[in-house]
Amino acid sequence: MTSSLPRTPKSVAAAGALAAVLFATAAAQEPQHLNDPRLARLDTAARSLVAVAIDSARAAGLPTEPLVQRALEGATKDAPGTLIVSAVQRLAADLGRARAALGASATSPELEAGAAALRAGAGPAVLAQLRRSRRQTITVPLAVLTDLVASGVPVDSAAAAVLALAASARDADLIDFRRAVERDIALGAAPTAATAAAAAGVFGANALDVNAGARGARPGRP
Amino acid sequence: MFEDRPDLVDRIVTHLRRPVQIDPALDGRVMQEIAQVDTGRRSGAAVAAWRWLTRPRQFTVSPLGALATAAGLAAVVWALPGRGVRAVPPAENASQEFQFVVVAPRAVQVALVGDFNDWDATRTPMRPSQRGGPVWTAVLHLSPGRYRYAFLVDGSRWLADPAAPHARDDEFGAPSSVVTVGGS
């Protein structure tokens with residue numbers, strides 16, 4: 001008893017001191033992502049700032065690959081460095097908001113899709129409700145929600161439709177649903193009416209009550 | 001054979017009917033012999049381990065100890081991988097084949113660039129149609145997720161995919177599209 005118990009606090013203290021030294025050493029070094037050869041396509045100033053943003057995201061437990069890809073997209077499109085840095089920082093903030101809404105267990109694709117949905121105007125409550133309503137991954141429902149909004153569907157209607165379908169629909173059903181909405185919009189239907197009609201088409205006319213009165217406005221198909 | 005010796009038959013029958021006293025240690029000696037024969041087939045350590053494992057024991061557990069054991073087992077079961085709100089289907093990581101098509105008349109070269117190839121214009125060149133028409137195609141295997149991409153024509157002109165949703169959060173002044181790959 002006298003030989004083991006007094007050692008434990010010492011061991012803990014030693015381990016803590018070692019961890020502190022290692023942390024301080026790592027913190028004093030350059031951002032780790034400066035060494036990512038892919039970022040060499042950025043100019044020096046932008047590269048440093050992007051690397052800092054990426055390292056901060058990693059330290060916060062956020063996925064970093066979407067940030068790298070956003071920076072590379074900007075570089076390939078010859079965007080100014082300041083624009084690339086702001087885009088990466090903004091995406092990092094959106095990823096953080098998405099994780100706050102979806103929980104720590106959210107996967108990287110889910111966070112990326114969630115960040116896009118938030119950017120499209122969906123509220124964090126919609127993301128959280130989607131998380132609760134679906135046992136499978138919610139990457140596709142979030143992406144479909146974002147794409148519907150991009151097609152002109154009001155965010156509330158898009159969210160209501162996706163929430164109604166997500167609990168039981170397969171990913172493929174949701175993607176077909178989005179295609180049907182886009183096709184009907186291209187044929188001249190109002191976005192809200194197209195959404196309601198396509199949602200009813202997935203599970204039958206009685207399965208959904210999203211703007212039910214608008215179903216008759218669905219245009220005919222070629 | 002002994003029909004003419006009934007007295008002899010009677011003596012034999014009487015002898016056979018007489019109770020026989022068996023040594024009480026006989027069973028023990030027989031089992032010991034059997035055990036020795038079995039030991040010859042296995043190593044001593046294995047036999048000892050087998051005996052230790054198969055020997056019945058009695059345990060006494062206090063109610064508090066039983067509760068603690070049950071709580072520990074419940075914690076282990078609860079912490080098993082796959083437990084929780086989400087159950088990821090096996091197909092989530094399965095990649096799917098996608099064909100990207102763009103019409104680019106008079107183009108000399110067309111590249112497909114996006115999140116799936118580090119936005120590197122040299123990695124996924126598109127192929128023109130065999131008849132030499134304006135249709136360019138590329139085929140990729142993509143894992144489930146959401147990808148941004150665009151077509152780069154002749155190294156300078158950006159085209160979004162007219163058959164796919166446009167990326168709403170385009171911040172670089174050139175259009176991008178989005179492809180969503182599902183897992184179920």
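**Close-up 1. The contact between chain B and chain A in a predicted model.** Chain B contributes 30 residues to the contact and chain A contributes 32 residues, where two residues are in contact if their C-beta atoms, placed from the backbone, lie within 7 Å. On the side of chain B that touches chain A, the elements giving two or more residues are strand S5 (145-153) and strand S7 (177-181) of chain B, and S5(B) gives the most, with 3 residues. Helices (H or I, at least four residues) and strands (E, at least two) are DSSP runs, numbered from the N terminus. That side of chain B divides into 13 nonpolar, 8 polar and 9 charged residues, with Ala, Val, Leu, Ile, Met, Phe, Trp, Tyr, Cys and Pro counted as nonpolar, Asp, Glu, Lys and Arg as charged, and the others, Gly among them, as polar.

**Close-up 2. The loop that holds A:Asp78, between helix H3 (65-76) and helix H4 (81-102) of chain A.** A:Asp78 is not a glycine, yet has a positive phi of about 60°. Most residues other than glycine have a negative phi. A:Asp78 is exposed, with 11 other C-beta atoms within 10 Å; a residue is exposed at 12 or fewer such atoms, buried at 20 or more, and partly exposed in between, with C-beta atoms placed from the backbone.

**Close-up 3. The loop that holds B:Trp119, between strand S2 (110-114) and strand S3 (127-128) of chain B.** B:Trp119, a residue other than glycine, has a positive phi near 55°. B:Trp119 counts as buried, with 26 C-beta neighbours inside 10 Å.

**Notes.** Residues are numbered from 1 along each chain as its sequence is written, and chains are lettered from A and ligands numbered from 1 in the order in which they are written. In this predicted model, local features need pLDDT of at least 70 and side-chain atom pairs count only at pLDDT 80 or more, while totals for chains, interfaces and linings use all residues.
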